Amino acid sequence: MPLLDVDELTVTFGGRGRRADRGRDRDRKPTEAAGPTEAAGPAEDTSVRAAGPAGPAEDTSVRAAGPAGPAGGNAVRAVNGVSFSVDEGQVVGLVGESGCGKSVTSLALMGLLPRKGATLGGRADFEGADLLAMGPRRIRDLRGSKLAMIFQDPLSSLNPVVPIGVQVTEILKRHRGMKGEAARKEAAQLLDRVGIPDPDRRLREYPHQLSGGMRQRALIAMAVACAPRLLIADEPTTALDVTIQAQILELLKELVDQEGTALLMITHDLGVVAGLCDQVNVLYAGKVVESSGRRELFAHPTHPYTHGLLGSIPRLDAPRGEPLNPIRGSINDQIAWADGCAFAPRCDRYEMGCLTGTPELTEPREAGHQARCVNPVLATTEVPA
Amino acid sequence: MSLLELDGVKVHFPVKKGILFDRTVGHVYAVDGISLSVEAGQTYGLVGESGCGKTTLGRAVLRLVDVTDGRVVLDGTDVAQLPEKEMRSFRRRLQMVFQDPLGSLNPRQNIESILSEGMAAHGIGGNREERREKIKEILAKVGLPGNALSRYPHEFSGGQRQRIGIARALVLEPDLIICDEPVSALDVSIQAQVVNLLEELQKSMGLTYLVIAHDLAVVRHISDVIGVMYLGSLVEEAPSDALYEEPRHPYTRALMSAVPVPDPEVEDRRERILLLGDLPSPANPPAGCRFHTRCPWKQDTRCATERPELRDLGGGHRVACHFAAEIASGEITRTSGEVVPAAHEGSGGSGGSEASGAPRASGASGGGAAKGSSSGERASEAPAGT
Ligand SMILES: Nc1ncnc2c1ncn2[C@@H]1O[C@H](COP(=O)(O)OP(=O)(O)OP(=O)(O)O)[C@@H](O)[C@H]1O
Ligand code: SF4
Ligand code: SF4
Ligand SMILES: [Mg+2]
């Protein structure tokens, strides 16, 4: 049994009179999209869109519905039936561009979404218990013990007016029942463990006195203080310089290798994923569109979106002089999953069949490599570099 | 003669203290003696990590900050010496494209007004009608429809706003466009659109760019020549391909080795030189070679005491390291800095977990057993990337 098993997770923001009823409303029926209503979000005029000379600018006959799928009323379906699992000690990636629902997914798993205004659906079993159904106290206990999370911006998750040392020892006291000098010693050891030089001095300092990289290390120290089974990292290196990113990624790898912590890595950076994740899930508009082991995924990107992403990235090791192959349009050019493939307005493999309901996840290439597409990229051609 | 020449440019910001009297207690050496030249019709890419001074250098060229010392010469004119009045009309020739397209566009102005403002100020494009025609022409060039004229910035997506920012620079027919992190706020797929657009415009209009960015892969893709900055100075400069094929400065090597490549085959072999510690503060830069506090090749002589000059090693490859030649020949080997051989074995199995096929591989194959090979091999052979 996987450590974490997320099954058809949906998160809906706003909407008519719905409220978060985590834990009580077990039989929520899968709220179906209610027709072609306007989604909330920056209203964009389709006529201005998708006109770049960079991408072949053509008038797609598909109507756009704005960011995130419509979910009835003015509700926004930020996560729209996401399923994936994380095994013990495994590193699993959730990749996608802004607004695809990666952060909302992780916040939902951690029980950190506002209780009002966010409606959850589906299941997320962690060691057999559904995280979505847990009461606030139970999930708070789990957070910081078996489940831990680090964020893109460590400053916002550290208390600015409390010394680092107090924040770390606090966790050791609360979750491991340690006291006084023992807790302080352990805290210093933790900082040392994550590569913070002069830990005794650092413990007395306030978050703003630490560099971005040091803050992220401190946060990792706090996250691993209780030897969590699963660490969720949401863009943990995005705000950092590339040489510091390399240090942090190495640290995360070490944790996984040495402590056996499972890692759910949320990122927009396919380079980070390529070197780190065992299993990769690509998200688009609130749904997993492709899922596979990393070697297979990068060798044979099968969903046109994944394929397009890889073609968009300038590679440091690629020959120069070739133009990039961008995906045309933007995330705003989207149709509701209920009507068809949300990627259709941007897809150059689009065909009529793409607009008859949500494409199913299938395994068009090989077992274990799933893609949600009716016309997948199957040729074993190399990825456009 | 090059279109833009920087000669020993320094920008030092005073650090003030005191409530009643502003007492200068020190300086931030944001840019500390940079010389480089940008050829007409080419792209010069300036890379470096946060705080290295790349944005300040760009602002110095535009004279948005005062140059403490040195010369900024555009097409024969020393920008730093121009009287304010002449500078106002000279500004047209130097335009900037910013990182945050929304923050740099006035939300209350429609696109026509945003684009014609500068034209009117500089007396470009004749009357209102002619200006409108010219704007439409430029909008088409950057891939926006003519009806964008009457719209407002918030009605566009991030990538489109960046196109507006580019159009705003283009309507003034500048000699040089400085792009400060032009794509870093954009999603990958949109980044590629904007990068391609910048390249197409350069080809069709003969533009000259100074591109400032932290993303080495993006910079390498669009630049003819790349300068690498560290703590206010240029540590290496070379034609784009040469820099990638043969990085000669220890910092460049570390920087390039740290960039992840979206290809597991490469990632598993890529050696990473992990630098120790953080960037020192530009208010208190180390003496001697500014990189010596983190340099894996640091020597006991000269490095901590003598600041290395940029030296030409031939072929337009300039390097500021006392020991560049010895490091390249292998005479000097690394003394610190961890090299990660990057033997990531995923879930313990020899072929990696995905070899087993199933995406939900059995829990038993968890990687807990694989002891970290990453923690310390201080290999002494030369690093990757050479
Ligand atoms: N509290 C909220 N109320 C309403 N909509 C929200 C809320 N939080 C997020 N959303 C919407 O949910 C969608 C997914 O957001 P999310 O932050 O998960 O994206 P992401 O993939 O993590 O993006 P990024 O990479 O920019 O952080 C977006 O359309 C966003 O606008
Ligand atoms: S289902 Fe159709 S539109 Fe969607 S990605 Fe596949 S080919 Fe493209
Ligand atoms: S001069 Fe010395 S410290 Fe500086 S880069 Fe060269 S070897 Fe390293
Ligand atoms: Mg996010």
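Among contacts in chain A between residues at least 6 apart in sequence, 69% join residues at least 24 apart. The model is predicted. Chain A has 385 residues, and 59% of them count as buried. Its secondary structure comes to 11 helices and 13 strands.

**The sheet of chain A**

- Strands of chain A form an open sheet of 8 strands with mixed pairing. The order across the sheet is β7-β8-β9-β4-β10-β11-β13-β12 (chain A).
- The edge strands are β7 (147-150) and β12 (361-362) of chain A, and each of these pairs on one side only.
- The partner of β12(A) is β13 (residues 370-372) of chain A; the two strands are antiparallel and are joined over 2 bridges.
- Within this pairing, L361(A) has R372(A) in β13(A) as its bridge partner.
- Helix α11 (residues 304-312) of chain A packs on the sheet, where it touches β10 (279-284) and β11 (287-293) of chain A. The direction of α11 makes about 100 degrees with that of β10(A).

**A helix pair in chain A**

- Helix α4 (residues 164-176) and helix α5 (residues 180-193), both of chain A, pack at an angle of about 115 degrees, and their axes are 9 Å apart.
- The crossing of α4(A) and α5(A) is right-handed.
- On the α4(A) side the contact is made by I164(A), V168(A), T169(A), L172(A), K173(A) and R176(A). On the α5(A) side they meet G180(A), A183(A), R184(A), E186(A), A187(A), L190(A) and L191(A).
- The residues of this contact between α4(A) and α5(A) divide into 7 nonpolar, 2 polar and 4 charged.

**The surroundings of ligand 2**

- Ligand 2 is surrounded by residues of chain A, including the cysteines C341(A), C347(A), C354(A) and C373(A).
- Also in the shell are H303(A), P304(A), F343(A), A344(A), R349(A), P359(A), V374(A) and N375(A).
- By class, the shell around ligand 2 holds 9 nonpolar residues, 2 polar and 1 charged.

**K16 of chain B**

- K16(B) lies in strand β1 (residues 4-17) of chain B.
- Apart from its neighbours within four places in sequence, K16(B) is in contact with D22(B), R23(B) and T24(B).
- K16(B) and G26(B) are 10 residues apart in sequence, and their C-alpha atoms are 7.4 Å apart in space.

Conventions. Residues are numbered from 1 along each chain as its sequence is written. Chains are lettered from A and ligands numbered from 1 in the order in which they are written. This is a predicted model: local features need pLDDT of at least 70, side-chain atom pairs count only at pLDDT 80 or more; totals for chains, interfaces and linings use all residues. Side-chain values use heavy atoms; hydrogens and water are left out. A residue is near a molecule or strand if one of its heavy atoms lies within 4 Å of it. Ala, Val, Leu, Ile, Met, Phe, Trp, Tyr, Cys and Pro count as nonpolar, Asp, Glu, Lys and Arg as charged, and the others, Gly among them, as polar. Two strands pair if DSSP finds at least two bridges between them. Helices (H or I, at least four residues) and strands (E, at least two) are DSSP runs, numbered from the N terminus. Contact means heavy atoms within 4.5 Å. Axes are lines fitted to C-alpha atoms, for helices over the stretch in contact, and angles run from 0 to 180 degrees between N-to-C directions. A crossing is left-handed if the near helix is turned anticlockwise from the far one by less than a right angle, and right-handed if clockwise. Buried means under 20% relative accessible area, exposed over 50%, partly exposed in between (1.4 Å probe, protein chains only).
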